Amino acid sequence: KDMVVQLLSSEELETEDERLVYESARKWINYDLNKRHCYLPELLQTVRLALLPAIYLMENVATEELITKQRKSKEIVEEAIRCKLKILQNDGVVTSLCARPRKTGHALFLLGGQTFMCDKLYLVDQKAREIIPKADIPSPREGISACAIGCKSYITGGRGSENGVSKDVWVYDTLHEEWSKAAPMLVARFGHGSAELKHCLYVVGGHTAATGCLPASPSVSLKQVEQYDPVTNKWTMVAPLREGVSNAAVVSAKLKLFAFGGTSVSHDKLPKVQCYDLSENRWTVPATCPQPWRYT
């Protein structure tokens, strides 16, 4: 029994459908019902019941005879139904384990957005086709950049209504569903890009302004690029961009960083592709975009 519980409760259990986990638990119980039915509550707690499709949860799980005849199992399912209703009605944050996705490194999160000083964080559950609200970003701001490293999401910079352009770095732990603060960046910035490369975080370009000034002046698009090591919790400067940009699309591929387009120092749309080679610590311009891009 202990091995079954360990397997079905694992965060690393990869499954396309939580119904497979429920059915596996149910079949294990039914294989030797007389001896195993007492373990049903413990096995039900390994299933992310609130992530089951609503119809399946109500019509298959809640009406299962094994569950309805056992008080503890019935209470577990009823709690999952309450969590499911909160999710469907977008009624606040659901923190129960029965609503936590597995393998959260594969989950999709939505942070912030066009709304001024947005502080919202949502999980997109592609299996259940639902959007689930999570814990709000502690410091509302606009112009942030977000990047995932493992099961943690790093929110850098941005500008707020009171403290101007920020160096702050907030970290969201998707496994424990909580926020913490990391070491601040060396340069306050907003409208920048960020990406992961070899388990380190890179922030690229953006705008900056004196602390306390809002709206911040976007007159200078930064060349500065910083690297953050999550192991040491330290930032270091690396080679600067060939041309300062803000609002560029920044991605990593094949052990290199790429900055596509963006807004140049002269406020024009930049058509260049800038590439950072980690082994040489230098930027080059290997190509031109088919058209000038920014805010991509």
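In the predicted model, helix H5 has the buried residues Tyr56, Leu57 and Val61. Buried means under 20% relative accessible area and exposed over 50%, with partly exposed in between (1.4 Å probe, protein chains only). The three residues cover an arc of only 100° around the axis, which puts them on the same side of H5. The arc is that of the directions from the helix axis to the C-beta atoms. The exposed residues Ile55 and Glu59 sit on the face of H5 turned away from its buried side. Helices (H or I, at least four residues) and strands (E, at least two) are DSSP runs, numbered from the N terminus.

The buried residues of H5 pack against H2, helix H6 (65-68) and helix H7 (71-88). Contact means heavy atoms within 4.5 Å.

Helix H2 spans residues 18-31 and helix H5 residues 54-61. Their axes lie 11 Å apart, at an angle of about 15°. Axes are lines fitted to C-alpha atoms, for helices over the stretch in contact, and angles run from 0 to 180 degrees between N-to-C directions. H2 and H5 are therefore roughly parallel to each other. Angles under 35 degrees count as roughly parallel, over 145 as roughly antiparallel, 65 to 115 as roughly perpendicular and the rest as oblique. The crossing of H2 past H5 is right-handed. A crossing is right-handed if the near helix is turned clockwise from the far one by less than a right angle, and left-handed if anticlockwise.

On the H2 side, the contact involves Arg19, Tyr22 and Glu23. These meet Tyr56, Asn60 and Val61 in H5. By class, the contact of H2 with H5 has three nonpolar, one polar and two charged residues. Ala, Val, Leu, Ile, Met, Phe, Trp, Tyr, Cys and Pro count as nonpolar, Asp, Glu, Lys and Arg as charged, and the others, Gly among them, as polar.

Helix H7 contains Ala80. Ala80 is buried, with a relative accessible area of 1%. Not counting residues up to four places away in sequence, Ala80 touches Leu49, Ala50, Leu57 and Cys98. The C-alpha atoms of Ala80 and Leu97 are separated by 9.5 Å, and the two residues are 17 residues apart along the chain.

The chain has seven helices and 17 strands. Of its 296 residues, 46% count as buried. Among contacts with a separation of 6 or more, 52% join residues 24 or more positions apart.

Residues are numbered from 1 along each chain as its sequence is written, and side-chain values use heavy atoms, with hydrogens and water left out. As the model is predicted, local features need pLDDT of at least 70 and side-chain atom pairs count only at pLDDT 80 or more, while totals for chains, interfaces and linings use all residues.
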